[in-house]
Amino acid sequence: MELDLDRPNIEDYLPTDSIHEPLGKLRLRDLLDISPTLREAGGAIVDDSFTRCFKSNPPEPWNWNVYLFPLWCLGVVVRYGILFPVRVLILTLGWIIFLSCYIPVHWLLKGHDKLKKRIERALVELICSFFVASWTGVVNYHGPRPCARPKQVFVANHTSMIDFIILEQMTAFAVIMQKHPGWVGLIQSTILESVGCIWFNRSEAKDREIVSRKLREHVEGADNNPLLIFPEGTCVNNNYTVMFKKGAFELGSTVCPIAIKYNKIFVDAFWNSKKHSFTTHLLQLMTSWAVVCDVWYLEPQNMKPGETPIEFAERVRGIISARAGIKMVPWDGFLKYSRPSPKLKEVKQQAFAESVLRRLEDK
Amino acid sequence: MLGFPTNKTLLRDCTDGKKVKGLRRRNKGLKAKRTVSTLILSKNLIEIMGNTSSMLTQYDIEEVQEHCNNTISQQEIVSLYQRFCQLDRNSGGFISADEFLSVPEFAVNPLSQRLFRMIDGLNFKEFVAFLSAFSSRATLQHKVEYIFKVYDSDGNGKVSFSDLLDVLRDLTGQFISEQQRELVLTQVLEEAGYKKDSTLVLSDFMKILGNSGLKMEVEIPVD
């Protein structure tokens with residue numbers, strides 16, 4: 001069984017029931033009995049570890065009796081009638097302050113790059129703080145505050161685009177993101193450009209090489225903002241982590257893991273991008289009571305001698321998952337958008353074929 | 001309820017009409033027309049009424065249970081309903097090809113195409129009946145019938161040599177040549193007392209597979 005060097009061996013995780021060792025000569029019964037394969041298919045239809053990663057977990061309704069129901073109604077009135085307008089006001093205020101400082105600085109200080117960068121960085125941190133305030137975000141930061149040092153990248157698990165905002169309010173990271181349409185894309189191309197963000201497009205095939213080149217260039221640049229990467233490549237529901245892409249781990253720099261865990265009692269912060277747009281997601285957050293989360297800045301890791309980038313990525317994923325208390329799953333996040341490689345099916349076919357031929361020889 | 005496909009429509013509309021292949025997706029009405037306001041309002045109504053499983057009434061659960069001969073328990077039916085709704089992303093009342101193949105564990109299964117042909121376009125009641133063969137309460141007869149149906153792709157009650165060859169090809173892929181496959185199959189058939197051009201019927205399958213236990217059980221997770 002040759003290993004696909006792009007990903008760890010999935011067979012280590014999947015049940016290998018269909019590759020049980022049968023004994024004796026090949027009979028008609030053995031060829032007709034497709035029950036192991038059928039059982040795997042049935043099991044996949046009933047429940048599978050991949051779909052579980054992207055299941056939204058709305059908070060359990062607690063308004064099930066006559067005493068709590070009026071309280072809940074009151075809560076709805078407070079949330080939609082009082083909190084929401086106040087939050088919209090705060091956010092609008094934040095944007096006004098931000099734009100009135102950012103636009104002049106951007107145009108007038110064109111010559112003084114260093115000063116311009118410092119001010120823009122502070123302004124981006126400011127607008128992120130306004131965003132977090134608009135959801136009544138209560139964020140507990142644990143661990144040493146990240147600083148800009150050469151040859152280091154930060155990696156974190158990904159639940160929603162608000163991960164970026166929460167981390168950005170503490171330190172102005174440069175981030176690598178999927179280019180989004182709409183107003184998000186506009187913000188991406190104007191404001192985030194100033195902190196030094198890198199764009200990619202999942203659907204472009206050649207994009208990977210371009211992206212890794214850009215990553216390398218950024219990390220090697222002396223006064224670029226520290227780079228933040230979400231190696232899962234997609235939003236996962238904060239109960240599981242999917243496989244990390246090895247791109248962040250083969251740059252030859254120190255990797256600083258960050259673990260983020262949201263408290264589900266208050267709101268489910270998972271952005272189910274297939275179900276609703278980012279605007280709906282933000283509205284949902286702004287009409288909940290609070291967004292409570294923990295952020296852990298963990299110990300920087302280096303690639304051990306003799307370790308491949310894949311193993312390094314899995315090791316860091318283990319560290320992050322352990323700290324955040326979430327489970328690891330052996331699937332590639334991009335399977336959300338594409339089909340699994342036929343090689344996985346071929347592995348099963350090859351195993352069955354070999355066992356058939358081997359038993360044929362047994363006379 | 002505001003705009004949601006009710007359990008009644010999911011069960012009734014699709015079973016009363018005959019499923020006609022090619023005449024895709026009758027009952028466009030099942031696709032709920034939603035506006036943002038009804039969405040927010042109905043979401044809050046769900047919060048009032050409790051979790052989504054209460055959308056399936058006791059009557060519906062019993063109807064489904066009867067349809068699959070009591071092989072699946074009521075709690076399992078509720079679980080399967082949640083799973084069905086989770087897979088049926090566009091709420092069309094059935095699970096399409098894309099939605100099935102988006103489950104990677106299913107897509108990498110060598111028999112996924114065959115199974116997909118059997119499960120395509122089924123509504124929830126038929127979906128549960130399809131999965132009832134995997135229940136621990138299913139009889140051996142039921143399981144053998146199920147395997148027979150997987151082989152008998154044209155549904156004429158007979159499994160020919162080419163049907164057997166098709167399944168073997170799905171299971172072994174490019175790792176055995178076509179000639180070798182035919183040889184293996186012919187040899188094994190002859191040893192069992194069948195000629196190459198004989199067709200197998202259900203009773204043959206029962207005879208061949210009947211006496212040794214078939215392990216085909218899948219546990220349905222119940223919250």
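Here are a few questions and answers about this predicted model. Local features need pLDDT of at least 70 and side-chain atom pairs count only at pLDDT 80 or more, while totals for chains, interfaces and linings use all residues. Residues are numbered from 1 along each chain as its sequence is written, chains are lettered from A in the order in which they are written, and side-chain values use heavy atoms, leaving out hydrogens and water.

Q: Is A:Gln188 buried or exposed?
A: Buried means under 20% relative accessible area and exposed over 50%, with partly exposed in between (1.4 Å probe, protein chains only). A:Gln188 has a relative accessible area of 1%, so A:Gln188 is buried.

Q: Which residue has its backbone oxygen 3.1 Å from a polar atom of the A:Gln188 side chain?
A: A:Gln188 touches several residues beyond four places away in sequence, including A:His180 and A:Trp199 (contact means heavy atoms within 4.5 Å). The backbone oxygen at 3.1 Å from its side chain belongs to A:Gln178.

Q: How many residues does the largest nonpolar core have?
A: A nonpolar core is a set of buried Ala, Val, Leu, Ile, Met, Phe, Trp, Tyr and Cys residues joined through side-chain atoms within 4.5 Å. A:Leu38 and B:Phe124 are among those with the most contacts inside the largest one, and that core has 67 residues.

Q: What separates the C-alpha atoms of B:Lys125 and B:Val64?
A: B:Lys125 is buried, at 11% relative accessible area. Along the chain, B:Val64 is 61 residues apart from B:Lys125, yet their C-alpha atoms are separated by 5.5 Å.

How values were computed:
Polar contact = N/O pair within 3.5 Å; in protein donor to acceptor, adjacent residues only side chain to side chain.
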